[in-house]
Amino acid sequence: SGLSQEAGSVEQLSLHCAEGSLEWLYPTGALRLRLAPRLPPTSAAVKGRSPPHVTACIKPTGTFRGAQLYLEREGGLELLLPEAPRPHARCFSWLPQEKVALFLQATPQPDISRRIAAFRYELRGDWLARPALPTASLGAEGACRPCNDTEILMAICTSDFVIRGSIRSVSNDAELQESIIGVSATRIHRQKFPLFQAGGRPGRPVGSIRTPLRCGVRPGPGTFLFTGWLHFGEAWLSCAPRYRDFQRIYRGAQRTRQNPCEFPVD
């Protein structure tokens with residue numbers, strides 16, 4: 001609470017968790033939030049390759065008021081969230097050796113009415129390998145192009161969800177610049193959280209997967225293998241080959257012993 005801060009003071013905090021939230025009541029002065037995620041060993045740089053990036057995403061609540069959020073990098077400040085922002089996620093990346101922080105500065109207020117500057121955050125290591133997020137800052141060209149064979153094989157091993165199913169519908173949200181794909185699942189290979197639940201035809205769990213609107217997703221027939229990541233509790237699409245194409249790719253990798261993990265193929 002800013003009621004416990006002196007006017008003009010700057011409180012120092014560190015964000016270590018992979019994800020979490022911050023709520024600042026009655027913003028006064030400023031908060032400086034150092035970004036120092038505890039990255040798993042697998043995010044270490046591979047010999048002979050450039051170091052992986054670290055990525056952070058910030059999503060304000062619908063009631064974000066009383067402050068502005070800046071990215072502090074190399075001595076400069078970049079505005080991420082103005083006061084009363086739209087509830088869009090903002091993402092940015094940096095190299096592990098870079099020093100970055102978030103600077104949450106209270107805006108002058110004529111009265112002491114209740115205001116809350118609150119947001120959720122996610123900190124990930126090496127997230128740029130296959131961005132599936134609604135932001136140009138993570139590489140617009142990568143989010144929409146089809147996955148190659150290697151990316152498909154890695155996606156079935158590392159994604160937050162792997163769902164075999166068909167497209168029921170596609171709706172577009174122009175304000176959020178997102179397409180929402182309604183999916184009917186024939187088999188749930190993996191889901192870290194119950195994204196797909198019963199609700200469609202008997203025995204057919206249903207759920208939704210998001211992708212940037214610019215990708216121009218259209219409904220189509222056939223069975224797909226949907227893979228992707230959780231982003232602020234929502235499923236975001238990574239790779240989605242037709243299932244028959246995936247079968248061909250996986251069996252070819254099996255013959256040459258190039259499959260990175262075992263996966264059930266009918």
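**Reading a predicted model**

Analyst: Happy to! This is a predicted model, and among its contacts between residues at least 6 apart in sequence, 66% join residues at least 24 apart. The chain has three helices and 15 strands.

User: How do you know how confident the predictor is in the chain?

Analyst: Look at pLDDT, which runs from 0 to 100. The chain has a mean of 83, with 85% of its residues at 70 or more.

User: What makes a residue count as buried, and what share of the chain does?

Analyst: A residue is buried when its relative accessible area is under 20%. Of the 266 residues, 44% count as buried.

User: Why is helix 2 called roughly perpendicular to helix 3?

Analyst: The axes of helix 2 (residues 149-158) and helix 3 cross at roughly 90° and come within 10 Å. Angles of 65 to 115 degrees count as roughly perpendicular, so helix 2 is roughly perpendicular to helix 3.

User: Which residues of the two helices meet?

Analyst: From helix 2 come D149, I152, L153 and I156, and they meet F246, I249, Y250 and A253 of helix 3. By class, this contact has seven nonpolar residues, one charged and no polar. Asp counts as charged.

Key
Residues numbered from 1 in each chain as written. Predicted model: local features only at pLDDT ≥ 70, side-chain atom pairs only at ≥ 80, totals over all residues. Heavy atoms only, no water. Helix = DSSP H or I, 4+ residues; strand = E, 2+ residues; numbered from the N terminus. Buried < 20%, exposed > 50% of the residue type's maximum accessible area, 1.4 Å probe, protein only. Contact = heavy atoms within 4.5 Å. Axes fitted to C-alpha atoms, helices over the stretch in contact; angles between N-to-C directions. Parallel < 35°, antiparallel > 145°, perpendicular 65-115°, else oblique.
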